[in-house]
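Take a moment to look over the model below.

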Amino acid sequence: MDHLVEDVSKMRVYGSTHTLTTISTDTYTPSSSSASSSDNCNNNALQMHHMRLDMSPDENNSTGSDSTDMSNLLSSKQRTDSSFSDISCDDGGGYYSRYARHRNKSKNARYFFHNSVFTVNNFKVLLSFAAWFVSYMIMGVFGGSVAYMHFERSNRDVPDPLPDFGYEVIPYFCPHIPHVPHGNVQSVVLFILYTIILSGVVLRWTPRFHPKSGTLVSNGDGRLILQHMCHLNCLVFLTRTTTVGLTGLPQPNPKCVEQQHLPVTFENALQFVMGRGFVPHACGDLIYSGHVGCTLICMAVLHRHGFMKNKIVAVGMWIVAAIGIYFTISCRSHYSVDVVLAFYFGYFLPEWYYNRSDGRVMGRVSRWIRKMEVRPEDLQIDDDDDDSSSEEGDIKGCP
């Protein structure tokens, strides 16, 4: 009985039907000669190969406890061994069923990243943001730094500005706002407008429908809004780079008095403007006003994409923008001519861009702009690809 238990422990269970099979084993039988030992081994192996398991107790050679041990051993082997031959998908417990479900989950995750994250449309948006960042750095290096190096130095303890009509009308008043870059009101206004636009980008990133009526609430133009803001800001940054450093004017800002005493080199100017954090800090970068230009660009984007359809909202937006423009002169950050030029650029740059974006003016630049932009109809292509990929995965995998 001990030999039988040992041999049963070497059996394996295969399949969902728990069929028993055996492996060839060599059993040791004492004998007086090598020939008889070899014959006995062959006979035992042959008997084990054709053995039929008998679960009934043996009255002569076994006891009830031996039979119980053998049954427990057999049941434990049946529980621990896997059903590798079960290829059906009906009960869902076989090895290939679990493997098919794992492949389906991996495929769905891969389709999600390919069709929702690593898409051509998202890559275009990333390129637009990269262009915005590079243009901003170019303006800081070749615009703000050069302007800081060129503006007129003086030993006076107060600014010595040029005659300005805006300064005669608007008195100096510039409250300092803590925890804000530059600490002025026009920066806060610009931050508010950017926040409104980015909130619209998030809310309109994908098409949305009304839950009850089913009408289209948003056509998914969030990417296009973000690209328009980035591209128009790029135009402001690059055009301002070509004007701000050409002519050095006496700086009118009282906050920059300490900076007008000592002459500087380009390396010192670069360290002062670009080496104090991400938002460049400059003095003497006047023509034209970047704060007013970016404020008007934000208003153009808000108007273009329907943020100001409501008249009350539109009036409130323009009041906020007017406050920022007012404090640009009130804080003596710019001359009045800088603000007027910013109005020209803030109007004509969006007009130039949208004429080419809409295809009213054709040419190489127009084709490049239209190829870079992500329009709502481009998102429909991604949705169709996603649906077809999901259907293909359902057909190939087990349900």
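How much space lies in the second largest pocket? About 300 Å³. A pocket here is an open set of points on a 1 Å grid over the protein atoms alone, where a 1.4 Å probe fits, with protein on both sides within 12 Å along at least five of seven lines. Lining residues have an atom within 4 Å of a point. Grid points are joined across faces, edges and corners, and the volume is the space filled by probe spheres set on the points.

The model is predicted: local features need pLDDT of at least 70, side-chain atom pairs count only at pLDDT 80 or more, and totals for chains, interfaces and linings use all residues. Residues are numbered from 1 along each chain as its sequence is written, and side-chain values use heavy atoms, with hydrogens and water left out.

Back to the second largest pocket. It has 14 lining residues, and Met299, Ala300, His303, Tyr347 and Pro350 are the closest to its centre. Two elements give two or more residues to this lining: helix 10 (290–304) and helix 12 (336–357). Helices are DSSP runs (H or I, at least four residues), numbered from the N terminus. Helix 12 gives the most, with six residues. By class, the lining has nine nonpolar, two polar and three charged residues. Nonpolar means Ala, Val, Leu, Ile, Met, Phe, Trp, Tyr, Cys and Pro; charged means Asp, Glu, Lys and Arg; the others, Gly among them, are polar.

Helix 10 also packs against helix 7 (residues 185–203). Their axes are 10 Å apart, at an angle of about 25°. Axes are lines fitted to C-alpha atoms over the stretch in contact, and angles run from 0 to 180 degrees between N-to-C directions. Helix 7 and helix 10 are therefore roughly parallel (angles under 35 degrees). Their crossing is left-handed: the near helix is turned anticlockwise from the far one by less than a right angle. The contact (heavy atoms within 4.5 Å) includes Leu190 and Tyr194 of helix 7 and Cys298 and Met299 of helix 10. It has 10 nonpolar, four polar and no charged residues.

Helix 7 packs against helix 8 too, at about 145°, with the axes 8 Å apart.

Helix 8 (residues 222–244) has another neighbour, helix 5 (residues 120–150). Their axes come within 8 Å and cross at roughly 20°. That makes helix 5 roughly parallel to helix 8. This crossing is left-handed.

Now the backbone. Most residues other than glycine have a negative phi, and most peptide bonds are trans. A cis bond joins Ile287 and Tyr288, with omega about -5°. Tyr288 lies in the loop between helix 9 (266–274) and helix 10. Arg332 has a positive phi, near 60°. Its place is the loop between helix 11 (311–330) and helix 12.

How values were computed:
Parallel < 35°, antiparallel > 145°, perpendicular 65-115°, else oblique.
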